[in-house]
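Here is a short report for a reader meeting this structure for the first time. Please look through the sequence and the model before reading on.

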Protein chains: 2
Amino acid sequence: MKFVIDMMGGDNGIKATIGATKEFINRHKDVEVFLVGDLNALKELKNEKNVHLVESKTVLRMDVDPLTALKEKDSSLMVAINTYLQNGCDALISAGSTGALLSAAIFKIKRIEGITRPCLITSFPTIKKNKKFVVCDLGANNSNTKEELVQFAIMGSIYYSILYQKKDPEVYLLSNGTEEEKGSPLGKEAYPLLKECKSINFKGNIEARDPLFGEIDVLVTDGYSGNIYLKSVEGTAKAMSGMIKEAFKRNIFAMIGYLFSKKGIVEMKEKMDYKNVGGALLMGVNGVVIKAHGSSDVKSFLSALENGYKLVSVDIVNKFKEELAK
Amino acid sequence: MKFVIDMMGGDNGIKATIGATKEFINRHKDVEVFLVGDLNALKELKNEKNVHLVESKTVLRMDVDPLTALKEKDSSLMVAINTYLQNGCDALISAGSTGALLSAAIFKIKRIEGITRPCLITSFPTIKKNKKFVVCDLGANNSNTKEELVQFAIMGSIYYSILYQKKDPEVYLLSNGTEEEKGSPLGKEAYPLLKECKSINFKGNIEARDPLFGEIDVLVTDGYSGNIYLKSVEGTAKAMSGMIKEAFKRNIFAMIGYLFSKKGIVEMKEKMDYKNVGGALLMGVNGVVIKAHGSSDVKSFLSALENGYKLVSVDIVNKFKEELAK
């Protein structure tokens, strides 16, 4: 297995990516990694087994526009993309700008035939043990057409069935009400197409408060609303985890209480910590391209690498093509 | 103070509204209430002081279309609106269909001059003690224009300054990134107008993960995204509260831990329980019209009544008109 890692993207710089990469190569001796970045900053990894260092001179800004990104050939992202192609790699991971990653991946790695717009997809935890659901698009796009929503539904459905071995996963459309006639103007247009689409098991609209309760498999949404959904859930979980911490610190009794109940509370916080979700797959491009969280720390970048490992292991891209061909 | 209460709207029927109303009239002897609904179901309230029962024969469905709603003159909502007008009331509260309430209020109670689209607005808790922020629109609309977003920003700003006595509250636009060029197509159009608008203190874009941390005063969004935001936060808070409960039940040690830390945990859960947010004001119509949560129980319907009481007490409608006139 060959991975290319953009070591420079992301708000927290190279410390997070180096820490995560060390742990990752330590866990997975079967992976050859190409680390793209400032060679001086990466030198501590130079003598590791299975590691190749590849030099890049610049780093794209998080707010770079896609066209400028494509032209900046010395940037860590563009060097990473070229390294990926030249070495026949299996996965590329970056915590850099979503827009730049999207346009570079589409332009250089290309889309899978039949897919007009790739989407970002990842798994969310639910209150039920071992039950997850996937959301697409999480923000690869900021406006979509009804046909694109149908493609997202198909991609989400295939992704879920490959990853969780469930036939005909239940697909829902994010909406402001459960009734068929509810939804944004776009959602209302997409609804009849989703209903007619024979490749998916479409179950109707769902409101944003419900998916975390574990009854659905795939949540389809345009990229803008998906991004609002993702970040609302993430922010609320983080805020509540902080409040739990404060609640346990308020007096000596509460602190004693924490000692007794620690294990369950820590497990719950871990489950809802979006640092652990593992980045999102840019589904629809012809390879495993993972967008890690922009503010990745060691833990979240490591979980993005692990997500990549899992997706390559299940051969997601070829399986996806086979399913599409049907 | 005179209140009209639609006793029949809402998913949980009359039990919730009766329980809440009893507690409300018990707390506020200065309020005269007109209770609209099935007289037989309401008979236990017949002899209460300051209570008038008003008969309605039907209940609008939650998914009723606005035009049908206006024609159904015997429905609890339409009778409530007429009662409101005939008795010169100060507030109207309903847990019924948002669309029906919106169109009936606009059609009968009318908009305040200068406002083209009313919005739903309410206060959200934050991790900071006593610090709240307001969100508008929460879903009165499912698509908006850039000019409407500017109106929402002005309404949110005035609402916040009246309710929390803060001059020039800080207004942010909900977006998928903090940079000026981020946003939905609508958000991008609205941004320059918000920036130029002299009646508000516009601070730029904000991502959905940040408002709960207590740094902003007003969150402006189109009604569809606002609804996604509201329900995502609500659902996540509910899911995590459930998980905390489970964490404390996992063994005898955790249960002991709960006994020690109970007070802080309960306070935190109460704070984040969206049953307590008090419904949303339909701002921009010429009266205090409150949309209570569709699945209101006693507690949430009571908090909607209390919200109405507070808004009438601060004379929100007249103050709003004065501010608009400036």
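Which residue in β10(A) is the bridge partner of A:Leu120?

## A pair of strands

In this predicted model, the bridge partner of A:Leu120 is A:Leu282, which belongs to β10(A). The pairing behind this bridge joins strand β5 of chain A, residues 119-125, to strand β10 of chain A, residues 280-283, and the two strands run in the antiparallel sense with three bridges between them. Strands of a sheet pair through backbone hydrogen bonds, in either a parallel or an antiparallel manner.

## The sheet

Strands β5 and β10 belong to an open sheet of 11 strands in chain A, whose order is β3-β2-β1-β4-β11-β10-β5-β6-β9-β7-β8 and whose pairing is mixed. At its edges are β3 (51-55) and β8 (201-207) of chain A, each of which pairs on one side only. From one strand to the next, the twist averages 25 degrees.

## The contact between the chains

Chain A and chain B each bring 48 residues to their contact. On the side of chain A that touches chain B, α7 (223-249) and α8 (252-271) of chain A each supply at least two residues, and the largest share, 19 residues, comes from α7(A). Sorted by class, this side of chain A has 25 nonpolar, 14 polar and nine charged residues.

Definitions and conventions:
Residues are numbered from 1 along each chain as its sequence is written. Chains are lettered from A and ligands numbered from 1 in the order in which they are written. This is a predicted model: local features need pLDDT of at least 70, side-chain atom pairs count only at pLDDT 80 or more; totals for chains, interfaces and linings use all residues. Two strands pair if DSSP finds at least two bridges between them. Helices (H or I, at least four residues) and strands (E, at least two) are DSSP runs, numbered from the N terminus. Axes are lines fitted to C-alpha atoms, for helices over the stretch in contact, and angles run from 0 to 180 degrees between N-to-C directions. Two residues are in contact if their C-beta atoms, placed from the backbone, lie within 7 Å. Ala, Val, Leu, Ile, Met, Phe, Trp, Tyr, Cys and Pro count as nonpolar, Asp, Glu, Lys and Arg as charged, and the others, Gly among them, as polar.
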